[in-house]
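Please examine the sequence and the three-dimensional structure shown below.

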Amino acid sequence: MNSNGIGALAGRIARAICLAALLLPVPVSAAGRVPKPVIDIDKPGKCVEDTATMRREHPDMLRHQRDLTMHDGIRTRKHSLKECVQCHASTKTGSVLGDKGFCQSCHDYASVRIDCFSCHAAKPKLASGAKP
Amino acid sequence: MSADANEALSRRGFLAISAATLGGVMLAPGIRLIEIAAARAPEQAVSRQVRWGLLIDTNKCAPGCDDCVKACATENGLKDTGHPRTDAQWIRKVELKDMRSGRTHSVPVMCQHCEHPPCVDVCPTGASFKRADGIVLVDRHICIGCRYCMMACPYKARSIVFAEITDQNPDVPRGNGCAEGCTLCVHRIDHDRQPACVEACTRAGHNAMLFGDLNDPQSEIAQRVAKYASTQIRADLRLNPGVRYQGL
């Protein structure tokens, strides 16, 4: 009985501390401790949709576009993977892969595997005559 | 080679052709009852009114010449991995000899883009499919690499990729574990360009390959097919390939 009472008291104190931690303003230094993906964004600004939509819905857009291209021969540039790579490839590595690459850095952070580039080129098409 | 398998024209087929021919008649300058093979807008899907095809003149195809094979490899990123037995092969030169007469032929053979493709029939996932305009393709997104299509194809036109591939042509995604074959350079066709093999053959002055819309009576390929005898390989299988050979 006695030990149970102590346990219940300890639990209540722990809950109170948690609540206090939630209510207290978060110190500014704590935000720096949260790891964020390090991305080389060479062309900041608006993509084909706004940033929030792109972050959430780019897989669906790509999947939709891939079926249109594959089966209907529609090769519009707006939602095509080729155009993503064309615009977002790093100027240093020339690729969307790599530690700070536009696609890989975020996918590594979210632990989501990208299968696209086992078949698709991760580097944009070079202008004819240019060397890598 | 046996005669063309399409000798028996069904009533429905005859009516369809008649309708297409009548539709092709100009009602007024620039206006047709049925538009045949009009240039496609970028956001417009491919149409069943088009049937892409190749006509290969074997009399002009020189033995030992592999300009088309090289052009295909360059365009589609087919690299020599040092394993010729397992390397993907989209187009190959076949040397034929009639043992009685001694007459020889050298012909390029690639996916024949059948109207009734056996590779599509056997595919368990629907990855092997025929596009509305007659081009037979593999959707690598859903290909599981079972290789049934390789077994089913009477032309040995399909290959499977055994190794990781890097530095693909951005227009031609290719990867390990997927079946593949000649796409008729679909990425070029969609931008109103000729397949790489045809372009190379013409550029080198051989003019042995002709690409075009078999359904468009105005196209050079349709006119030549209508005028001169041409054969389909293994026409006895009644697959109605889109690739035809002249002079075999």
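In chain B, 59% of the contacts with a separation of 6 or more join residues 24 or more positions apart; two residues are in contact if their C-beta atoms, placed from the backbone, lie within 7 Å. This is a predicted model, in which local features need pLDDT of at least 70 and side-chain atom pairs count only at pLDDT 80 or more, while totals for chains, interfaces and linings use all residues. Residues are numbered from 1 along each chain as its sequence is written, and chains are lettered from A and ligands numbered from 1 in the order in which they are written.

Chain B contains 7 helices and 11 strands, which are DSSP runs numbered from the N terminus (helices: H or I, at least four residues; strands: E, at least two). Of its 248 residues, 35% are buried, that is, 20 or more other C-beta atoms lie within 10 Å of their own.

One residue illustrates this. B:L137 belongs to strand β7, residues 136-138. B:L137 counts as buried because it has 24 C-beta neighbours inside 10 Å. Beyond its neighbours within four places in sequence, B:L137 is in contact with B:F129, B:R131, B:T183 and B:V186.

The largest nonpolar core has 54 residues; such a core is a set of buried Ala, Val, Leu, Ile, Met, Phe, Trp, Tyr and Cys residues joined through C-beta atoms within 7 Å. B:I56, B:C68, B:C72, B:C197 and B:M209 touch the most other members. Strand β7 of chain B is one of the elements that each supply at least two residues of this core, and α6(B) gives the largest share, 5 residues.

Key:
A residue is buried if 20 or more other C-beta atoms lie within 10 Å of its own, exposed if 12 or fewer, and partly exposed in between; C-beta atoms are placed from the backbone.
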